[in-house]
Amino acid sequence: MHWRLPREQGRRLAIAATLASLAFLVQGPTFTGATFTNDASVSGTFSTGTWCGTNIYPATVLATAGGPRNFLRLNETGVVTTVADSAAGPPPNGLPSGTGHLWGSVGLLDCSVATALGMNGTGAPRVRTGGPAIAGPNTITLTGWVNIASGQGRLIGFSRSSVGTSNRYDRMLYVDGAGFLRFGIWNNFTGAAPAGANTIRSDAPVTGGLHHIAATLGAGGMRMYVDGTLQAQTNAVITQGRTGYTGYWRVGWDALPVTWPGVTVAGGVLTGTIDEVAIWHSQLTAAQIAVLSAANHD
């Protein structure tokens, strides 16, 4: 025995199905946040898309070890006269100087409209922390995101001068002539360079891609990380960097002579982008660095 719909009900169902098909073709699928891929068995072309929430990296930085002393997110655009410091407190805002800044460059955080500081390989792009000069701290953590295209030069370091080229400097993260990341410090040293310089180097070049970089100094010695992974360390305890001067944390450029390991051109300027620079006057653990590196998502 075969069961059949009444003719009128069947006709209505057919019309409803036709209208639903037309709505799908005209408006597209009603899903949001989905990613579609084409398949040979499917006619028509779907547009791909993703959804984004709020990137958790800035909040993770501010929640780590009581928060950093300085947090320069480098989101400035246009004519920049001050650089916001997002650390709790807040500490005084920083200052830009020099030339070669590419303010408003594409930021390095996923799912974020925040911008970053670009460097074009020329000039002398300099950003410093605000407030009065301080004595160089001997327990520190430096972190940030970078995408370096080419060149060699400083990324983050401690400098005597607030503007111009410093004649005393130390505690530096820099890219050498072969594209490797290095962390350098004068260990227990008050004389002329380079007799007391200690540097450690990344396992591979950091040019040509997005990387989280970090370096720490303190009772645990020197440590350097790329993308949350320990790259190099010292076995001996580093008790102090270069002494006898006060200064500022500088981002983007400052003196870097060929007497430092791996440097082939003095005072080189990088081409690339730096973003979300945070500085603690404490030594973060390897586990904390790994959490920071993994936090660049929504």
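**Y174 is a buried residue of the model, at 0% relative accessibility, and its ring takes part in an aromatic pair with W260.** Buried denotes under 20% relative accessible area, exposed over 50%, and partly exposed the range in between (1.4 Å probe, protein chains only). The structure is a predicted model, in which local features require a pLDDT of at least 70 and side-chain atom pairs a pLDDT of 80 or more, whereas totals for chains, interfaces and linings use all residues. Residues are numbered from 1 along each chain as its sequence is written, and side-chain values use heavy atoms, with hydrogens and water left out.

**The structure contains 4 aromatic pairs.** Rings of Phe, Tyr and Trp (its six-membered ring) pair if their centres lie within 6.5 Å; planes under 30 degrees apart are stacked, over 60 edge-to-face, and the rest tilted. Y57 and W145 form an edge-to-face pair, with 5.8 Å from centre to centre and 75 degrees between the planes. This pair links distant parts of the chain, since Y57 belongs to helix α2 (residues 57–63) and W145 to strand β7, 88 residues apart. Helices (H or I, at least four residues) and strands (E, at least two) are DSSP runs, numbered from the N terminus. Y57 is buried at 0% relative accessibility, and W145 is buried at 5%. The pair of Y174 and W260 is also edge-to-face, because the ring centres lie 6.3 Å apart and the planes stand at 90 degrees. Y174 is placed in strand β9 (residues 169–175) and W260 in the loop between β15 (246–251) and β16 (271–280), so this pair ties together parts 86 residues apart in sequence. At 1% relative accessibility, W260 is likewise buried.

**Ring pairs join F158, Y245 and W249 into a cluster, while two arginines lie over aromatic faces elsewhere.** A charge sits over a ring if NZ of Lys or CZ of Arg is within 6 Å of the ring centre and within 35 degrees of the ring normal. R128 is positioned over the face of Y248, 4.3 Å from the ring centre.

**R154, in strand β8, is buried at 2% relative accessibility.** Its side chain makes a polar contact of 2.9 Å with the side chain of S159. A polar contact is a pair of N or O atoms within 3.5 Å; within protein, one must be able to donate a hydrogen and the other to accept it, and residues adjacent in sequence count only if both atoms are side-chain atoms. A polar atom of the R154 side chain also lies 3.5 Å from the backbone oxygen of G157. Beyond four places in sequence, R154 is in contact (heavy atoms within 4.5 Å) with residues including Y169, M172, L173, Y174, R250, W253, D254 and L270.

**Q152 occupies the loop between β7 (140–150) and β8 (153–159) and is buried, with a relative accessible area of 9%.** The side chains of Q152 and T264 make a polar contact at 2.7 Å. Leaving out residues up to four places away in sequence, Q152 touches V175, D176 and G177, and also G262, V263, V265, G268, V269 and L270, among others.

C111 is not a glycine, yet its phi is positive, near 55 degrees.

Of its 298 residues, 46% are buried. Among contacts between residues at least 6 apart in sequence, 68% join residues at least 24 apart. The average pLDDT (the predictor's confidence in each residue, from 0 to 100) is 84, and 78% of the residues score at least 70. Residues 1–5 have a pLDDT below 50, and this stretch has 2 contacts beyond near neighbours in sequence. Residues 18–39 also remain under 50, with 17 contacts beyond four places in sequence. Where pLDDT is low, predicted coordinates should not be read in detail.
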